[in-house]
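Good morning, and thank you for coming.

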Amino acid sequence: AHPQTCLLACSIRSMMKSLRPNHLLFLQLLIAFSGGFGAEAAAIEAVADRAAPLYMLRGQSAEFWCRHDPGIDISGAGDLAVAVQVCSKTLDVALQASDVTALAVVLGRMTSALPSYRSVFGDAPSDILRVFRINRNDPLIQDGTVSILHGNSSVIALTIRDRPGVQALCAFCGQLGRTTNYVTTSKQRVQVVSRPEARLSLNNQQLSGDSQSESELKSGENFVLGCSGVGSGGGRLSVRLEKSGKTLAQSPSDSVLHSVINASSADSGVYTCYVTSDLEHLAKAGEETGSASVTLRVSFAPIIELDEVVRFTRLGETEDIQLKVSAYPEPRLTCRSKSGDSVSSSEQSSRLTVKERYSPENFYATFVVTFSNLNEVTNETLITCTAENSLGSREVDIRLTALAPTPEIVSGSATNWWNSYDLRWQHHVKANVDYYRIRVLYMGANNEVLNQTEQRLQNFERTDNRGKGLRQAKNLVFDLSPDTAHNISLQACNRHGCSRFSKHVRVHTAPESVESYNDPRNPVFAEQQSDKSPKSSVRQHSDGRGFSLLLPAASSLLLLLTSSSLQ
């Protein structure tokens, strides 16, 4: 024999004599499943990886089947063996590890006669072939990691379960071939896979491993938010960073960064890092995406939002005034009235009450300030509210008034008539108005005021738009001059007094004609008056000025012909 072959065989025989029976079995199986100490005696992990991995979800199980191959068992030994172990780096390390195991054999001619096999799997008469035995003392059997689905001379089927702290288990199937050496007939790496883990970092500092964490920054500070992913069981990863459903950054790799300079309150919010694996096994199970979130709070001084700084109210009513204060840390609100009442958050007095609700997710507080006993209001009552936190304060004045408001004219400057104009206006829906006054200034060519009239208006058409808190009204203004510029303004009055006149609207009337005369209150009478009017006549208007009304000859002739035909 070749000297090197003899040296190798003698060394193996010497080592085997020094091992205890169960260790001898382990060594025999490991030598067999790795194909001996030749070229295939490389890392067990590498051996198992030569076959496509068998993926197993964390917390679930997989099946491994070891089938007898008659083509290999020429000697008719009838042996079939299965081994499962935690995948080790090298064979030498595996020999020293306590979790190296051989789980099951079918006792054939060879193994039934070996004392080392019987010490592990139990005695079996040498004349009875193919008796199935399990090593009940093996740790993987005892802790339930491996269980036997089925076993006989044809096949041994295993159920392999997820073992805590173990990413992969290596399963081997072998049987005796032409010689006394075992031949590895199949091998499988059972890879444990789980949903990828998303990680967030702030300024290179890893945030809490929880799926939801919190962090604080000061206003004006710069920060870098990192989103990265760690996969389990292979597959390529991609990441995406979002804030309130809006994508800030994404990458086909396993990490991405988002930088912010001069942070403000707008940068407060919930940031979520998503990491997705392209592993098909995870996608089928719906476990391909993991996420982690951080609630980032940027501290800032209070900002007060108020729809109405002037509240029109009637005497004897109670008013609820709502304020929205954006701030972090949480703000405190103090309100005081002109009469000396003062109240703070969650406190109350006889006339002022403040109720608070803070939203830590959106960084704002909603305050409802209730002011009662408005019988003391004559012209107005001033309430001053101050919101403050550790970064500053903000103040707002709220005026309660029973006075009539100044209306806002919303109609344009155009009119199709020479004697009238359709005036439209609006003001707060809760304002108390008893009547209006309309002022008309008749303007000359050089923008000088030729005349001025005022008219008290109590009957008018109105519509309330409570969705916008507005009362809208309209009325026709008559007694205008033809082809003349007019400045028209409006004043609202109640028993407490009248408002200022509104900003005027400049209206230029049409030239005088029958067609441009407007009298919607009695159009038939207006037409009859036009028919009876002489070609040249003088009509007196409320402004005291006279003007000529000239009927076109063609119109007069047409009217006469019409009258004659009717007779």
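**A buried threonine and its surroundings**

T401 is buried, with a relative accessible area of 2%; buried means under 20% relative accessible area, exposed over 50%, and partly exposed in between, using a 1.4 Å probe and protein chains only. What you see is a predicted model, in which local features need pLDDT of at least 70 and side-chain atom pairs count only at pLDDT 80 or more, while totals for chains, interfaces and linings use all residues. Residues are numbered from 1 along each chain as its sequence is written, and side-chain values use heavy atoms, with hydrogens and water left out.

T401 belongs to strand β26, residues 392-401. Helices (H or I, at least four residues) and strands (E, at least two) are DSSP runs, numbered from the N terminus. A polar atom of the T401 side chain lies 3.1 Å from the backbone nitrogen of L403.

Let me now turn to the chain as a whole. The chain holds 9 helices and 37 strands. Of its 567 residues, 44% count as buried. Contact means heavy atoms within 4.5 Å. Among contacts in the chain with a separation of 6 or more, 64% come from residues 24 or more positions apart.

Next, the nonpolar cores. A nonpolar core is a set of buried Ala, Val, Leu, Ile, Met, Phe, Trp, Tyr and Cys residues joined through side-chain atoms within 4.5 Å. In soluble globular proteins, nonpolar side chains tend to be buried together. Which residues touch the most other members of the largest core? Of its 24 residues, they are F64, V84, V146, I156, L158 and I160. Several elements each supply at least two residues of this core, including β2 (61-67), β7 (155-161) and β9 (182-193). Strand β3 gives the most, with 4 residues.

I continue with one of the sheets. Strands of a sheet pair through backbone hydrogen bonds, either parallel or antiparallel. Here, two strands pair if DSSP finds at least two bridges between them. An open sheet of 4 strands runs in the order β11-β10-β13-β16, with antiparallel pairing. Because β11 (205-206) and β16 (255-260) stand at the edges, each with a single partner strand, one side of each is left without a neighbour in the sheet. Strand β13 (residues 223-230) pairs with β16 over 6 bridges, and S228 has S255 in β16 as its bridge partner. Another 6 bridges join β10 (residues 197-202) to β13, where V230 in β13 is the bridge partner of E197. Strands β10 and β11 pair over 2 bridges and form a hairpin with 2 residues between them. In that turn, N203 has a positive phi of about 55°.

How many aromatic pairs does the structure hold? There are 2. Rings of Phe, Tyr and Trp (its six-membered ring) pair if their centres lie within 6.5 Å; planes under 30 degrees apart count as stacked, over 60 as edge-to-face and the rest as tilted. The rings of W418 and Y517 have centres 5.6 Å apart and planes at 45°, so this pair is tilted. W418 and Y517 are 99 residues apart, and the pair links distant parts of the chain. W418 is buried, at 1% relative accessibility, whereas Y517 is partly exposed, at 24%. The other pair is W425 and Y436, with ring centres 5.1 Å apart and planes at 65°, so it is edge-to-face. Both W425 and Y436 are buried.

Finally, consider R506, which is found in strand β35. R506 is partly exposed, at 37% relative accessibility. A polar contact is a pair of N or O atoms within 3.5 Å; within protein, one must be able to donate a hydrogen and the other to accept it, and residues adjacent in sequence count only if both atoms are side-chain atoms. The side chain of R506 makes such contacts with the side chains of N447, at 2.8 Å, and N487, at 3.1 Å. The C-alpha atoms of R506 and V440 are separated by 9.8 Å, although these residues are 66 residues apart along the chain.
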